[in-house]
Amino acid sequence: MTKLNMKSSLAVVGIVSMTVGACAKAPVPSGYDDPHQEQNRRTHGANIKLDQALVSPAADTYGQVLPRPVRDTISVFSDNASLPGVVVNNILQGNIENAVHNSARFLFNSTLGLLGMFDIATDIGLEERDSDFGETLHVWGAPEGDYVVLPVFGPSTERDAVGIVADFVLNPLSLVLPVEVEHLPKATWVLSKFGDRYTFGDTIDEFYASEEGYELMKLYYLDSRRYELGIEVEDNELEDIYDAYDG
């Protein structure tokens, strides 16, 4: 995608935000329905095979070759590079306080933090306040949609799947970086995900190996995502399946 096209996409998003700004709240989701379970399970199985063949070995190599401080620096840099996109989402959500907070965090980490390699901002009270376009759609009133399992990305919802695509477009940092380094934020994002896979490898392997792994990942994702969005949903199904898994 060219920078001109990305600018056009940002303009479209801005127009949409103005037209839907008065939308009602998103409907509260109920239960953990999975109407596309057959396809989702196939994708889940394909993701496990991809993980076993490529992602997990690459993550193990990444974790064993690079010492923890280096991996942490890459993750901090990646998080900082994503902040301009987070600020865009804050603005689209009408959350000016978080937009200012995250802008200040980006400024401090990009200067005193040596281009974002060190997290100086947290030490002075500018903690991370993450957001994404899936949350923006939620604020605009878009419903959660069906549960879906995406290739590579894994558990999601229809709303968050759209958000994943939009977040690749929304980061204005890619519009101002020189051509020779414009892909650096995305490259470090990929490396940080390998770092996460290495760090949480045992837990992920347990999910993948369990007969209830598909259900656990679905319920964990929906429950944690709804919690992030401030949605309170009372449902005993999640607790029941965790108890069964622990037992």
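This briefing describes a pocket, a helix packing and an aromatic pair in one structure. The model is predicted. Its second largest pocket holds about 290 Å³ of space, helices α5 and α6 pack with their axes 7 Å apart, and a search of the whole structure finds 4 aromatic pairs.

**The second largest pocket**

- The lining of this pocket consists of 14 residues. Those nearest the centre of the pocket are Phe77, Leu115, Leu173, Leu177 and Leu184.
- At least two lining residues come from each of the helices α3 (68-92), α4 (96-111) and α8 (184-199).
- Helix α3 makes the greatest contribution to the lining, with 5 residues.

**Packing of α5 and α6**

- Helix α5 (residues 133-140) packs against helix α6 (residues 158-170) at an angle of about 120 degrees. Helix α5 is therefore oblique to α6.
- On the α5 side, the contact is made by Phe133, Gly134, Leu137 and His138. On the α6 side, Arg159, Asp160, Val162, Gly163, Ala166, Asp167 and Leu170 take part.
- The residues of this contact divide into 5 nonpolar, 3 polar and 3 charged.

**Aromatic pairs**

- Among the 4 aromatic pairs found in the whole structure is that of tyrosine 147 with tyrosine 214, which is edge-to-face.
- The centres of these two rings are 6.5 Å apart, with 75 degrees between the planes.
- This pair links distant parts of the chain, 67 residues apart. Tyrosine 147 belongs to strand β1 (residues 147-150), and tyrosine 214 belongs to helix α10 (residues 213-228).

Terms used: Residues numbered from 1 in each chain as written. Predicted model: local features only at pLDDT ≥ 70, side-chain atom pairs only at ≥ 80, totals over all residues. Heavy atoms only, no water. 1 Å grid on protein atoms, 1.4 Å probe; cavity = no way out; pocket = protein on both sides within 12 Å on 5 of 7 lines; lining within 4 Å. Points joined across faces, edges and corners; volume = space filled by probe spheres on them. Helix = DSSP H or I, 4+ residues; strand = E, 2+ residues; numbered from the N terminus. Axes fitted to C-alpha atoms, helices over the stretch in contact; angles between N-to-C directions. Parallel < 35°, antiparallel > 145°, perpendicular 65-115°, else oblique. Contact = heavy atoms within 4.5 Å. Nonpolar A, V, L, I, M, F, W, Y, C, P; charged D, E, K, R; others polar. Phe/Tyr/Trp six-rings, centres within 6.5 Å; stacked < 30°, edge-to-face > 60°.
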